[in-house]
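Please open the structure in a viewer and keep the sequence beside it.

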Amino acid sequence: MLGCIYRPPSSDITVNSIINKSIHRAASLVDQGKFTRLLLVGDFNHHIVWSSTRGAANVTKPEDTEFLDTVNTCLLTQFVEKPTFGNNHLDLVLADDPNAVFNVKVGPPLGFTEKGHLHATL
């Protein structure tokens with residue numbers, strides 16, 4: 001199963017809950033054998049300092065903690081090792097198999113804005 005998620009930066013508790021429930025549901029469908037693997041990509045806009053593929057340091061916002069709990073509960077591995085927007089890992093690649101993704105590169109942004117506010121490419 002392949003999913004692409006965009007979480008707006010100022011999402012409220014309802015949006016956060018819908019996204020987390022969707023991830024749990026997708027993981028459940030894989031567990032039931034309806035799909036063989038789970039791969040999620042997207043702009044999650046969580047300010048999590050990823051210290052490893054399974055954990056994080058300096059998570060202070062409840063919505064970030066809840067998302068990290070979802071990632072860990074669903075046994076997902078996070079593959080993006082470098083920041084994608086400023087010093088933040090906002091764009092993520094998550095999979096239920098740590099061997100499913102073997103090469104993620106963070107490249108320059110596509111396009112140009114006057115303010116230079118573009119996400120890096122993955």
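In what follows, a residue is called buried when its relative accessible area is under 20%, exposed when that area is over 50%, and partly exposed in between, as computed with a 1.4 Å probe on protein chains only. This is a predicted model, in which local features need pLDDT of at least 70 and side-chain atom pairs count only at pLDDT 80 or more, while totals for chains, interfaces and linings use all residues. Residues are numbered from 1 along each chain as its sequence is written, and side-chain values use heavy atoms, with hydrogens and water left out.

**The whole chain**

Begin with the whole protein in a cartoon view. Helices (H or I, at least four residues) and strands (E, at least two) are DSSP runs numbered from the N terminus. The protein contains 2 helices and 6 strands, and their order from the N terminus is β-α-β-β-β-α-β-β. Of the 122 residues in the protein, 36% are buried. A contact here means heavy atoms within 4.5 Å.

**The largest nonpolar core**

Next, select Ile 23, Phe 67, Leu 76 and Leu 94. A nonpolar core is a set of buried Ala, Val, Leu, Ile, Met, Phe, Trp, Tyr and Cys residues joined through side-chain atoms within 4.5 Å. The largest such core has 18 residues, and the four selected residues touch the most other members. Two or more residues each come from helix H1 (13–31), helix H2 (62–73) and strand S6 (91–95). The greatest contribution is that of H1, with 5 residues. In soluble globular proteins, nonpolar side chains tend to be buried together.

Which residues does Ile 23 contact, leaving aside its neighbours within four places in sequence? They are Ile 5, Leu 40, Phe 44, Phe 67, Thr 70, Cys 74 and Leu 76.

Now select H2. This helix has 12 residues and reaches 16 Å from its first C-alpha to its last, close to the 16 Å expected at 1.5 Å a residue; the expected span is 1.5 Å times one less than the number of residues. Colour Asp 64, Phe 67, Leu 68, Thr 70 and Val 71, which are buried in H2. Seen down the axis of H2, these buried residues fall within an arc of 155°, so they line one face of the helix; the arc is that of the directions from the helix axis to the C-beta atoms. On the face turned away from the buried side, look for the exposed residues Pro 62 and Thr 73.

Move on to Leu 75, in the loop between H2 and strand S5 (77–78). Leu 75 has a positive phi of about 55° although it is not a glycine. Most residues other than glycine have a negative phi. Leu 75 counts as exposed, at 52% relative accessibility. Its C-alpha atom is separated by 9.7 Å from that of Leu 94, 19 residues apart along the chain.

**Two asparagines in loops**

Select Asn 45, in the loop between S2 and strand S3 (49–50). Asn 45 also has a positive phi, near 55°. Is Asn 45 buried or exposed? At 7% relative accessibility, Asn 45 counts as buried.

Then select Asn 87, in the loop between S5 and S6. Asn 87 is exposed, at 73% relative accessibility. Asn 87 and His 47 are 40 residues apart in sequence, and their C-alpha atoms are 9.4 Å apart in space.

**The salt bridge**

Show the side chains of Asp 97 and Arg 37. A salt bridge is a side-chain nitrogen of Lys or Arg within 4 Å of a carboxyl oxygen of Asp or Glu. The structure holds 1 salt bridge, and these two side chains form it, at 3.4 Å from N to O. Asp 97 lies in the segment after S6 and Arg 37 in the loop between H1 and strand S2 (39–43), so the pair ties together parts that are 60 residues apart in sequence. Asp 97 is buried, at 17% relative accessible area, whereas Arg 37 is partly exposed, at 43%.

**Cysteines**

Finally, select Cys 4 and Cys 74. Cys 4 is exposed, at 68% relative accessibility, whereas Cys 74 is buried, at 13%. A disulfide is a pair of cysteine sulfur atoms within 2.5 Å, and a search of the whole structure finds 0 of them.
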